[in-house]
Amino acid sequence: MAEITLPKYVQYINTLIDDSRLAEAVAHSRHILEQHPRFIDAYRTLGKALLEQGDYPGAVDIFQRVLGAVPDDFVAHVGLAIVHKAGDRWKEALWHMERAFEVEPHNPAIRTELQNLYGRRDGLAPEQPELTRGALARLYVKGGLYQQAILELRELLAEDPERIDLQLLLAEGMWRAEDRVEAADVCRDVLDLLPDCVQANALLADILLQMGEAEGAEPYLRRVQELTQVSAATLATIDPFAQTFGLPGAMRLPHEVRVDRLSDEVALGMGERAEAAAWTE
């Protein structure tokens with residue numbers, strides 16, 4: 001088998017999905033997961049391909065796994081909204097679409113879909129969907145208004161303490177405001193529920209490294225690397241990983257993470273056999 005870097009492989013699978021070569025996309029995604037069974041990007045492409053194939057139970061399972069690692073994942077929330085809408089579960093569809101809207105509030109397709117869902121719920125679609133308080137808090141963090149974000153998020157979590165995505169945003173705001181002790185506490189609370197949460201592991205590792213506790217940071221760094229397959233070649237584009245893995249005591253990373261690549265012929269055959277097996281179950 002020829003070798004390929006993981007980012008290029010994921011990019012290629014997304015191209016297959018765009019071209020509706022879904023059986024191949026599923027096979028390639030599963031092939032990556034055989035080599036790196038915790039790699040979130042491959043779960044994301046697998047979920048997208050299964051959704052496009054109409055395998056809603058399979059897509060739900062995969063997207064829920066993605067959310068276990070990235071609770072505010074845009075693709076997973078959109079995918080779950082589509083599945084719930086197809087099943088006439090409008091309340092659940094709206095909830096997931098609102099979460100996607102909070103991540104990308106200016107996405108025109110998401111705004112239109114959210115308008116339609118509000119219209120379904122209220123009988124009349126609004127001219128424009130208003131920003132939720134969660135979306136505002138996210139904008140505060142992005143804009144450097146950390147204390148304002150922290151206050152808003154504390155109020156939101158008092159009303160809905162199970163919103164793990166907001167807990168993570170709170171931890172990030174605290175971390176960026178250099179309130180590391182409280183940020184670490186929030187991260188540990190999240191990890192008690194979602195041990196594979198990428199951001200909580202990354203932030204906690206960073207905090208421990210900043211405190212000179214390299215040994216304590218090691219398992220969190222290892223988990224981040226397993227989940228993201230981050231490499232030295234791509235660190236500069238990833239925050240907070242670029243800072244975290246660059247600190248003294250951080251684990252050394254390969255320049256490129258490479259995997260064996262399936263041929264398209266083999267992938268197509270595997271995908272078609274998997275589809276045929278699913279129809280006979």
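This is a predicted model: local features need pLDDT of at least 70, side-chain atom pairs count only at pLDDT 80 or more; totals for chains, interfaces and linings use all residues.

User: What makes H2 roughly antiparallel to H3?

Analyst: The angle does. Helix H2 (residues 22–35) and helix H3 (residues 40–53) pack at about 155 degrees, with axes 9 Å apart. Angles over 145 degrees count as roughly antiparallel, so H2 gets that label against H3. H2 also passes H3 in a left-handed crossing.

User: Which residues make that contact, and how do they divide by class?

Analyst: From H2 you have Leu22, Ala23, Ala25, Val26, Ser29, Arg30, Ile32 and Leu33, and from H3 there are Ala42, Tyr43, Thr45, Leu46, Ala49, Leu50, Glu52 and Gln53. By class, the contact of H2 with H3 comes to 11 nonpolar, three polar and two charged residues.

User: Why is H1 called roughly parallel to H3?

Analyst: Helix H1 (residues 6–18) packs against H3 at about 5 degrees, and their axes are 10 Å apart. The limit for roughly parallel is under 35 degrees, so H1 qualifies. On the H1 side the contact uses Val10, Ile13, Asn14 and Ile17, and on the H3 side Asp41, Thr45, Lys48, Ala49 and Glu52. Sorted by class, that gives four nonpolar, two polar and three charged residues.

User: How do you know that H6 and H7 are roughly antiparallel?

Analyst: Again, look at the angle. The axes of helix H6 (residues 90–103) and helix H7 (residues 108–122) cross at roughly 150 degrees and come within 10 Å. With the cut-off at over 145 degrees, H6 and H7 are therefore roughly antiparallel. Their crossing is left-handed. Residues in the contact include Trp90, Met97 and Phe101 of H6, along with Ile110, Leu114 and Tyr118 of H7. The contact of H6 with H7 has 10 nonpolar, no polar and five charged residues.

User: What makes you say arginine 99 lies over the face of tryptophan 95?

Analyst: Two tests apply: CZ of Arg must be within 6 Å of the ring centre and within 35 degrees of the ring normal. Arginine 99 is 4.8 Å from the ring centre of tryptophan 95 and is listed as lying over its face. Arginine 261 has its charged end over the ring of tyrosine 12, 4.6 Å from the centre.

How values were computed. Residues are numbered from 1 along each chain as its sequence is written. Side-chain values use heavy atoms; hydrogens and water are left out. Axes are lines fitted to C-alpha atoms, for helices over the stretch in contact, and angles run from 0 to 180 degrees between N-to-C directions. Helices (H or I, at least four residues) and strands (E, at least two) are DSSP runs, numbered from the N terminus. Angles under 35 degrees count as roughly parallel, over 145 as roughly antiparallel, 65 to 115 as roughly perpendicular and the rest as oblique. A crossing is left-handed if the near helix is turned anticlockwise from the far one by less than a right angle, and right-handed if clockwise. Contact means heavy atoms within 4.5 Å. Ala, Val, Leu, Ile, Met, Phe, Trp, Tyr, Cys and Pro count as nonpolar, Asp, Glu, Lys and Arg as charged, and the others, Gly among them, as polar.
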